[in-house]
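Subject: Structure handover

Hello,

Here is the structure I promised you. Please open it first, then read my notes below.

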Amino acid sequence: MAGISRKNRMLRRSQAMWVSRRVWQPRLVFWAGAISIGLISVLFALLADQAQALFHIITGNDGGWRFYLPLVMTPLGFVLCAWLAHSFFPGSQGSGIPQAIAARHLRDEDDRSHILSLRLVVGKIALTIIGLACGASIGREGPTVQVGASVMLQAARWGGMAQARGLILAGSAAGIAAAFNTPLAGIVFAIEEMGRAYESRTNGLVLTAVILAGLASLGLLGNYTYFGVAKDTVAFASDWPLVLACGVIGGGVGALFSLLALKAMRRIRRWNALQPLPRTLVVAAVCGLAVAAIGIASGGSTFGTGYTQARGAIEGAPLPAFFFVEKFAAGLLSMVSGIPGGIFAPSLAVGAGVGSTLGLVFGTAAGTAALLGMAGYFAGVVQAPMTAFVIILEMTGNHDNVIALMCASMLGYGTARLISHEPLYHALSRVFIAEAIRRRRAETGEAVKA
């Protein structure tokens, strides 16, 4: 009898837990947050595409006077974005991935709120769209990571959830998965890039967030591959020199991008320190003018994300031999200008250009070469080889090239480590951590004086 009574009590306790608000509220808020990330990502993607289309409509492609409008339009757009980011949305500058990484290292809730918040969700999306509408060589995928992390952190506040670091990780992974329709890449990105010290107890959070965000995205856009389906297959008997070249050269060029970006941004931060706003606007204007000049010189091919050019190369249309140099410069200038915007899509475009040029040298199919170039270059930029080959694999829907993409990614990563020892996103995240420490010390000093 005593055993039956004890079982009845346990059953009643279990039933009470299942209907308890304390148990269900955090779960419902978490699920709502993950679905919201998927919906916001889809809206962001549609608005970004419309912004790029608007830019091309305004500037035209017939070689008339409108073709030279970017010489005015792009610098003014850069200045506007930089001013709004500095004055109204501090913490929105750049990719957004460094902010999410920094937030995982910060312990104080106020420090996190300076770089992850719903206000920054609005600012990040709006300023990235403005940047694309004025011809900036930026992407929306990095910003989607900051958006996803911000939404999930806010869900943690509303739901009373304590696992802030795990939820930031889950929101970041959901953002990548929804932005590219690449659920596996979202998970790998969370493990490799966002959480170098990954905790197994966050598995459930990451998987659930990726699934729900992915379902929301699929519900609106359907199942699709970001770059279509790549039909070319690497033949190792004849293409192995191309695999080696794309890995080593692509990784070296990617590491050069990372190295130049970090050095330029450090010098710009030191120069801006004396007069932050005026000098920030000067840098934005100069970079915007240079991006416009490169875009006009390239026939307009370097404006925007580079998605059209990368997809064309994957589908077999070779890119101009020096496209990757022009896109490299436009992407670098857009990044160091300080305006909000990511480097994912522009990096993939540069990588496709590197591969396409090497394909011309080796006499290989443009589609094969573009895929390998993307893997090598992207792994060199972010120094995350697993994310590089998984994301390209999912974006092109061709699983015949798994080994070749792995080789190119690992070669790109190895080459990049020899040139630049600092992974780009993690080096930039330390800037936000240092700013949080300075702000905390300043507040403490003021409190003591008071």
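Start with one term: contact means heavy atoms within 4.5 Å. I use "touches" in that sense too.

Next, some ground rules. This is a predicted model, in which local features need pLDDT of at least 70, side-chain atom pairs count only at pLDDT 80 or more, and totals for chains, interfaces and linings use all residues. Residues are numbered from 1 along each chain as its sequence is written, and side-chain values use heavy atoms, with hydrogens and water left out.

**Confidence**

pLDDT is the predictor's confidence in each residue, from 0 to 100. The chain has a mean pLDDT of 85. In it, 89% of residues reach 70 or more. Among the elements, helix 1 (residues 2-18) has the lowest mean, 53. Helix 14 (residues 323-336) has the highest, 96.

**Overall build**

The protein chain has 19 helices and zero strands. Both are DSSP runs, numbered from the N terminus: helices are H or I with at least four residues, strands are E with at least two. Of the 450 residues, 56% are buried. Buried means under 20% relative accessible area; exposed means over 50%, and partly exposed lies in between (1.4 Å probe, protein chains only). Residues 24 or more positions apart account for 81% of them.

**Record from UniProt**

An unreviewed UniProt entry lists "transmembrane region" for several spans, including residues 67-85, 242-262 and 402-420. Its positions are given in the numbering used here, feature names are shortened, and annotations may be inferred rather than shown by experiment. In the model, residues 67-85 are 84% helix and 0% strand. Their end C-alpha atoms lie 28 Å apart. Residues 402-420 are 95% helix and 0% strand, with end C-alpha atoms 26 Å apart.

**The core**

A nonpolar core is a set of buried Ala, Val, Leu, Ile, Met, Phe, Trp, Tyr and Cys residues joined through side-chain atoms within 4.5 Å. The largest one holds 122 residues. Which of them touch the most other members? They are Phe257, Phe344, Leu372, Ile392 and Leu424. Another core, of five residues, lies apart from it; Ala85, Phe89, Leu120 and Leu127 are among its members.

Leaving aside neighbours within four places in sequence, Phe257 is in contact with Phe328, Gly331, Leu332, Met335, Ile343, Tyr377, Val381 and Leu424.

Serine 258 sits in helix 11 (residues 236-272). Is serine 258 buried or exposed? Serine 258 has a relative accessible area of 0%, so it is buried. Beyond its neighbours within four places in sequence, serine 258 is in contact with Val381, Ser420, Glu422 and Leu424.

Leucine 424 lies in helix 19 (residues 424-449). Leucine 424 counts as buried because its relative accessibility is 0%. Not counting residues up to four places away in sequence, leucine 424 touches Phe257, Ser258, Ala261, Leu262, Met335, Ile343 and Val381. Leucine 424 and glycine 380 are 44 residues apart in sequence, yet 9.6 Å apart in space, C-alpha to C-alpha.

Valine 431 is also found in helix 19. Its relative accessibility is 18%, so valine 431 counts as buried. Valine 431 and alanine 102 are 329 residues apart in sequence and 8.5 Å apart in space, C-alpha to C-alpha.

**A helix pair**

Two packed helices are described by the angle between their axes and the distance between the axes. Helix 4 (residues 97-105) and helix 7 (residues 141-159) pack at about 35°, with their axes 7 Å apart. Ile97, Gln99 and Ala100 of helix 4 meet Gly142, Val145, Gln146 and Ala149 of helix 7.

Serine 150 also lies in helix 7. At 1% relative accessibility, serine 150 counts as buried. Not counting residues up to four places away in sequence, serine 150 touches Ile115, Leu116, Ser117 and Val121.

Most residues other than glycine have a negative phi. Glutamine 383 has a positive phi of about 50°. Find glutamine 383 in the loop between helix 16 (366-382) and helix 17 (385-396). Glutamine 383 is buried, with a relative accessible area of 3%.

Best wishes

Terms used: Axes are lines fitted to C-alpha atoms, for helices over the stretch in contact, and angles run from 0 to 180 degrees between N-to-C directions.
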